[in-house]
Amino acid sequence: MIGDDFVDLKLFITGPILLREEVRRAGLLPEFGHRDSENPKRFEPIMRNLLAIAGNPKGYTPIIFNGSGTNVLEASIRSLVSDSDKVLNVSVGAFGDLYHTLAVVNGKNAVQLKFAHGKAIDMQELEVALKEHKPDVVTFTHNETATGVINDVVQVCELIRANGALPIVDGVSIFGGAPSMISEAKPLMYCTSTQKSLGLPAGFGIGFVSEEAMEKAATVENRGYTTDIIAQMGKAKINQTLTTPNGTLANQMCVQLDYIVNSETVAGRFKRHEDMRTIAHKWSEIMDGYELFAQEGFRSPSLTTFKTPSYMTIDKLKEVKELMREHGYLFDPGYGKINKELADQGESPIFRVGHMADIMPEMLTEYLEVLGEVLNTFN
Ligand SMILES: Cc1ncc(COP(=O)(O)O)c(C=O)c1O
């Protein structure tokens, strides 16, 4: 039968993620009409709980975009960067680079500031770039999934605003696992998606859109259709989506966000992610030759990156992946492009451990024990 050979691996990659049993079961809830009275039964609590997880930031409205994280990032570019604007895309890794690509392919006047892999945004270098380029809009990544770096979203947004520009944040791999700090950072728009720390399948991009963003969008031409936050907002305000949503995902999201807010609690979820970061860091201390890759003080609570000893190679990490599969796990052998660059420089690769969403500390401890045993067979 179709599906008989689908393997139910425990996903320790950085998204998609392992789904809670209740979320899986919620996939069986009834399909519904998105313009029918059944719709608000799902989307009213979804919107309310999204705001609760965001810390109820005043003046922000969540918009749910069909697609994934990239769709909401593209919408922010199309809606908030005008043809006469300059946009500075600040990158600490592959997903910061993605924002720049989105700006370029949409014909925007875009420049980039890049930091070395594993490094966070440096305030002094950012200030120099802001003074040099005088951008109107600046994009950056809250939590860089390729390197495991978390930036100080408040400090970065403040510096951008102090230099007369408007910040837009990609919070795809952190929202739901740590405070988004929207109230404090006051970004023009904060973007995220379902398949990372929120613990859901992929399928929706989520944008927290400020009133200021709506005013700015009104001055921007050619915003597209599904990428137009003004068209989207018309439906979001009545707890709907602009185009037909994935009803299965909406049902699952309704159940999962209620669990996060009313059962686990938002504070409890954030604390669990911090605890898992501690577990991952402690494990690196007992693993001979393995080191934490991300800059100290800027290490993500939703994933950890490890620099491997000199004898490790990309091919050996692929073997590790297959050995971990035999134990029922999906291992993440690191971001391909970074490891290729490291190999070109004669350096050993990095790998990632995703500890986001509904992975529990004891599950992570068990995973790291098995991983340690597997890694120690290599030298
Ligand atoms: C930080 C970050 N931004 C953007 C994206 C792109 O999101 P998606 O794959 O949902 O389109 C990802 C995906 O991993 C990500 O981690």
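Modeller: Domain bounds come from an automatic or database domain assignment, and on that basis the protein chain is divided into domain 1 (21-262) and domain 2 (266-375). This is a predicted model, in which local features need pLDDT of at least 70 and side-chain atom pairs count only at pLDDT 80 or more, while totals for chains, interfaces and linings use all residues. Residues are numbered from 1 along each chain as its sequence is written.

Biologist: How many residues does each domain bring to the contact between them?

Modeller: Two residues are in contact if their C-beta atoms, placed from the backbone, lie within 7 Å, and the contact takes 27 residues from domain 1 and 22 residues from domain 2. The elements that give two or more residues to the domain 1 side are helix H2 (39-53), strand E7 (149-150) and helix H10 (247-264), where helices (H or I, at least four residues) and strands (E, at least two) are DSSP runs, numbered from the N terminus. The centres of domain 1 and domain 2, taken over C-alpha atoms, are separated by 26 Å.

Biologist: How do you know that the length of H14 agrees with that of a helix?

Modeller: The expected span of a helix is 1.5 Å times one less than its number of residues. The 15 residues of helix H14 (residues 361-375) should therefore span 21 Å, and the end C-alpha atoms of H14 are 21 Å apart, which agrees.

Biologist: Which residues of H14 are called buried, and what puts them on the same side?

Modeller: A residue is buried if 20 or more other C-beta atoms lie within 10 Å of its own, exposed if 12 or fewer, and partly exposed in between, with C-beta atoms placed from the backbone. By that rule Leu-364, Tyr-367, Leu-368, Leu-371 and Leu-375 are the buried residues of H14. They cover an arc of only 100° around the axis (the arc of the directions from the helix axis to the C-beta atoms), which puts them on the same side of H14. An α-helix has 3.6 residues a turn, so residues three or four places apart point the same way. On the other side of H14, Glu-362, Glu-369 and Glu-373 are exposed, whereas the buried residues pack against helix H11 (266-286), helix H12 (314-326) and strand E13 (329-330).

Biologist: Why does Ile-182 count as buried?

Modeller: Ile-182, which lies in helix H7 (residues 182-185), has 26 C-beta neighbours inside 10 Å, and therefore counts as buried. Leaving aside neighbours within four places in sequence, the contacts of Ile-182 include Ala-54, Tyr-60 and Phe-208. The C-alpha atoms of Ile-182 and Phe-208 are separated by 8.6 Å, although these residues are 26 residues apart along the chain.

Biologist: Why is Asn-56 classed as exposed, and what is its phi?

Modeller: Asn-56 counts as exposed because it has 11 C-beta neighbours inside 10 Å. The phi of Asn-56 is near 50°, a positive value in a residue other than glycine, and Asn-56 is placed in the loop between H2 and strand E2 (60-66). Most residues other than glycine have a negative phi, and most peptide bonds are trans.

Biologist: Which residues does a cis peptide bond join?

Modeller: Gly-15 and Pro-16 are joined by a cis peptide bond, with omega about 5°, and Pro-16 is found in the loop between strand E1 (10-11) and helix H1 (21-26).
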